[in-house]
Amino acid sequence: AMVSSEEEFSIMESFSIHRDHIFGAGDEDLAADIKRLTQGKGFDIILNHSLTGEAFRQLWLATASSGIFIDASRAEVSNEAVLSIVPFQRGASFHIMNMDLLLKENPSLVAKIMKDAGPNLRKFEIQSITSKNVFAANRIGKAFEYLQIHGNVGRTIVSFNHSDQVPISPRARNPVILDKNSTYIIAGGLGGLGHSLAWFLIENG
């Protein structure tokens, strides 16, 4: 497992993952550490969904002979990466999994994958991450601050109750002034927002 903070490290440990099997994303000797753990072999299958830069290249170097590296991160990450030829010389293969493209071009395959995944998830009794941080609706700003500092660690939840007083932005001090001799076009505008905008233009011009 790869982590980028102490909080993520603690979460991985809660799943009974041994400390020696948890690696830091900023480890400069990541490939060497993985080879040491696997007695020089490397990992047969690696699924990357977030690492970039040097950590990405180190993880690729840790692919075992005839191993498979699957990059499920953003497509531009793979475009920017300069892959070492060494794992290829050992028979390793590199694959990009672009879910957006897969959903667009082969939705039936995605449906089959999701259908097959359900029984396997139940079979292995995969647990969800229990770590969660709940913020009341009137503290929604604090929720975003938490996400900026801690990232996607566990679950960040905003709860809404009837008693919550949610702060809103004050009305604009400068009223909207429209030129009555001009023409204003709303492209689309068939939904609720478009109707509201149309009435707003009518009432102010």
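Predicted model: local features only at pLDDT ≥ 70, side-chain atom pairs only at ≥ 80, totals over all residues.
Local features need pLDDT of at least 70, side-chain atom pairs count only at pLDDT 80 or more, and totals for chains, interfaces and linings use all residues. Residues are numbered from 1 along each chain as its sequence is written, and side-chain values use heavy atoms, with hydrogens and water left out.

**Sheet**

- Three strands form an open sheet in the order S3-S4-S5, with parallel pairing (strands are DSSP E runs of at least two residues, numbered from the N terminus; a pair needs at least two DSSP bridges).
- Strands S3 (43-48) and S5 (93-96) are at the edges with a single partner strand each, so one side of each lacks a neighbour in the sheet.
- Neighbouring strands are turned by 10° against each other on average, direction ignored.
- S4 (residues 63-71) runs parallel to S5 and is joined to S5 by 4 bridges.
- Asp 71 stands opposite Ile 96 in S5.

**Helix on the sheet**

- Helix H3 (residues 53-61) packs on the sheet and touches S3, S4 and S5 (helices are DSSP H or I runs of at least four residues; contact means heavy atoms within 4.5 Å).
- The direction of H3 makes about 140° with that of S4 (axes are lines fitted to C-alpha atoms, for helices over the stretch in contact; angles run from 0 to 180 degrees between N-to-C directions).

**Helix pair**

- Helix H2 (residues 30-37) packs with H3 at an angle of about 30°, and their axes are 8 Å apart.
- Leu 30, Ala 31, Ile 34 and Lys 35 of H2 meet Ala 55, Gln 58, Leu 59 and Leu 61 of H3.
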